[in-house]
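Hi everyone, thanks for coming. Let's have a look at this structure together, and I'll talk you through a few parts of it.

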Amino acid sequence: MIADQLPALTIVLPMLAAPLCVLARRPLACWVIALCANFLAVLSAWGMFWQVRDDGVIRYALGGWAAPTGIEYYVDMMNATMLLLVSFISCVVLVYAYRSVNKSVQSAKHYLFYAAWMLCLTGLLGICITGDAFNVFVFLEISSLSMYMLIAFGNDKRALFASFRYLIMGSIGASFILIGIGFLYAATGALNMVDLAQRIPDAESQRAVLVAFSFLTIGLMIKSAVFPLHGWLANAYQHSPVAVTAFLAGTATKVSLYVLLRFFFSIFGPGYSFGSMFLNVVLLPAAVAGFLMLSLVAIFQTDLRRMLAYSSVAQIGYIIAAFCLASQSGLTAGIVHIINHGIIKTVLFMSVGCILYRVGHTHSNSLDNLFHKMPLTVTAFILSGLGLIGVPLTVGFVSKFSLISASMERGWWMIGALVLLSSLFAIVYIGRVVEIMLFRKSRNSTPEPVGRHEAPMMMLIPMYVLIGISIWFGVSGSTTLAVASEAAAALLGGYQ
Amino acid sequence: MKLYERQRHRVLQIVTKLIIPFVMLFALYVQFHGDYGPGGGFQAGVIFASAFILHGLIFGLQRTRQVITPTALRILMALGVLIYLGTGIYSMLLGGNLLDYNVFAHDGKHGQHWGIFAVELGVGVTVTAVMISLFYSFASKR
């Protein structure tokens with residue numbers, strides 16, 4: 001019986017944890033409640049993943065109302081992968097967050113922090129699981145509102161400004177998405193995604209569908225921080241509590257990218273999006289300019305979090321470029337990079353969080369010789385940094401290799417060359433920091449007390465769990481590639 | 001002086017005291033007719049909260065805070081969501097899908113009635129608490 005209810009449980013458990021946190025109020029109790037709920041959500045996402053892999057698509061009718069009338073949860077390989085990724089990253093970062101949040105957020109506000117975290121997780125998982133276009137918007141609002149709140153918990157006044165700026169941009173994005181969905185409803189009379197996908201081909205000639213498509217594209221580009229519309233991201237990542245940054249970097253933009261995929265490939269269909277709408281003419285230059293320019297911008301950042309934030313926008317550029325290939329191999333490359341980048345960027349932000357915890361700042365120029373003080377943290381940073389660059393045997397290599405070979409397959413040699421060029425920039429910005437941490441002698445006349453002062457185990461262990469997974473995914477690249485190609489096939493195959 | 005302050009709005013205070021029970025009664029009417037007629041938890045919650053807001057406007061924030069404390073509001077806010085989710089989980093325990101009200105009674109129609117009743121109650125409680133605490137937080141800022 002419980003196996004049939006997994007789609008609902010994945011959403012209900014984190015949602016249930018939020019009011020319980022508000023009632024419990026004591027920081028430790030809240031953390032335990034949130035962690036239990038999150039862990040159970042991971043388990044049910046895991047269960048669903050195998051159900052989908054073995055038996056095919058799951059369709060769950062909420063309230064017992066069958067699909068076109070009621071809201072349904074629709075889980076195929078693509079969602080199942082996203083659900084597992086999002087819930088797992090959230091769970092690991094939540095373990096890590098306890099010590100980090102204890103230090104940076106007032107303890108009277110902890111219960112709100114964990115409640116907001118759970119609501120955000122509910123929203124993100126809900127976006128991934130739902131098969132109803134309007135429900136996507138509802139969950140998008142749940143996740144965004146709680147995200148603004150989480151960002152504002154940063155103990156810096158600029159966090160409020162960053163949160164407000166994201167609120168404005170995010171609301172514009174969300175209302176564009178809502179307008180898009182509204183026009184689609186006007187043109188087709190359907191909100192269910194499967195229904196929409198069936199009805200759009202007949203309505204394609206209507207101008208409303210064209211308008212809906214444009215609004216959705218812009219709205220989702222804002223939400224997923226694609227290059228010219230990424231303005232909110234750097235400040236939000238820099239000033240929010242670092243555990244939140246790690247959580248958001250691994251999940252929030254990835255979930256928006258998933259919605260982008262869902263709309264372009266499953267609902268409108270690649271023939272409409274990339275054939276008659278020439279989406280790749282719009283998106284590909286933005287993606288390429290994004291990964292080149294922002295990798296370049298990242299080189300000149302002196303704050304580690306800001307550097308990684310710009311690097312995130314660059315990585316989103318790779319993912320969008322992969323989507324623009326609109327082929328099986330291109331989509332596979334994009335989805336693999338969603339998974340891989342989600343994991344390595346989370347680890348990078350977690351290691352920066354450890355540095356912040358012990359050193360108190362993240363200015364890369366004054367982290368001389370940090371390796372002798374915090375060897376494990378710096379090792380984690382280097383290992384995941386290598387992944388970001390794309391050194392063989394790391395996850396970055398798997399995704400970049402598949403991206404380049406997919407673009408070769410299409411005959412777009414230039415894209416492959418530019419990806420390599422921006423990887424060189426990544427070597428510079430990661431290498432610069434690593435050089436400072438490993439080799440540079442302290443310039444201070446009064447040397448700081450030498451000796452190891454490592455971050456607490458509760459922060460290191462979750463970080464190394466993720467590193468272990470990323471190494472596994474890097475060495476046996478076929479694991480993620482197989483999952484991603486099944487997901488890509490599910491997207492390209494359309495709804496059954 | 002103090003006596004004068006308190007008596008200054010005597011007419012408003014008396015009228016308010018007379019009106020508040022009717023506002024609350026109307027809120028309950030809207031609440032419990034939400035399943036068959038127009039109305040429901042959102043509207044009822046706002047009307048119910050407006051009784052407290054009126055009390056706050058006339059008698060001052062201090063006295064309203066004694067009537068319903070911020071702590072009570074925090075609990076009510078969470079409680080409403082729990083009632084809603086509890087209904088959903090109860091329907092799952094009875095063997096239906098999430099929020100499938102048909103399983104609540106032998107007759108599906110009665111089940112729908114009970115389900116909507118419980119869910120709207122949850123919505124009403126949360127909306128009331130959120131509206132009042134919004135009023136508190138705006139009114140207490142200078």
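**A helix pair and a chain contact**

Let me start with handedness: helices α17(A) and α18(A) cross in a left-handed way. Please keep in mind that this is a predicted model.

How do we describe such a pair? Two packed helices are described by the angle between their axes and the distance between the axes. Here, helix α17, residues 395–410 of chain A, packs against helix α18, residues 413–438 of chain A, at an angle of about 155°, with the axes 7 Å apart. Angles over 145 degrees count as roughly antiparallel, and therefore α17(A) and α18(A) are roughly antiparallel to each other.

Which residues meet? On the α17(A) side they include A:Leu403 and A:Ile404, and on the α18(A) side they include A:Trp413 and A:Val419. The residues of this contact divide into six nonpolar, three polar and one charged.

Now stay with α18(A) for a moment. At 1.5 Å a residue, its 26 residues should span 38 Å, and the end C-alpha atoms are 37 Å apart, which agrees. Among the buried residues of α18(A) are A:Phe425, A:Tyr429 and A:Val433. And what covers the buried residues of α18(A)? The cover includes α12, α13, α15, α16 and α17 of chain A.

Finally, on to the other chain. Chain A has 13 residues in contact with 16 residues of chain B. Which element gives the most to chain A's side? That is α1(A), with seven residues. By class, this side of chain A has ten nonpolar residues, three polar ones and no charged ones.

Key: Residues numbered from 1 in each chain as written. Chains lettered and ligands numbered in written order. Predicted model: local features only at pLDDT ≥ 70, side-chain atom pairs only at ≥ 80, totals over all residues. Axes fitted to C-alpha atoms, helices over the stretch in contact; angles between N-to-C directions. Helix = DSSP H or I, 4+ residues; strand = E, 2+ residues; numbered from the N terminus. Parallel < 35°, antiparallel > 145°, perpendicular 65-115°, else oblique. Left-handed = near helix turned anticlockwise from the far one by under 90°. Contact = placed C-beta atoms within 7 Å. Nonpolar A, V, L, I, M, F, W, Y, C, P; charged D, E, K, R; others polar. Expected span 1.5 Å × (residues − 1). Buried ≥ 20, exposed ≤ 12 C-beta atoms within 10 Å, placed from the backbone.
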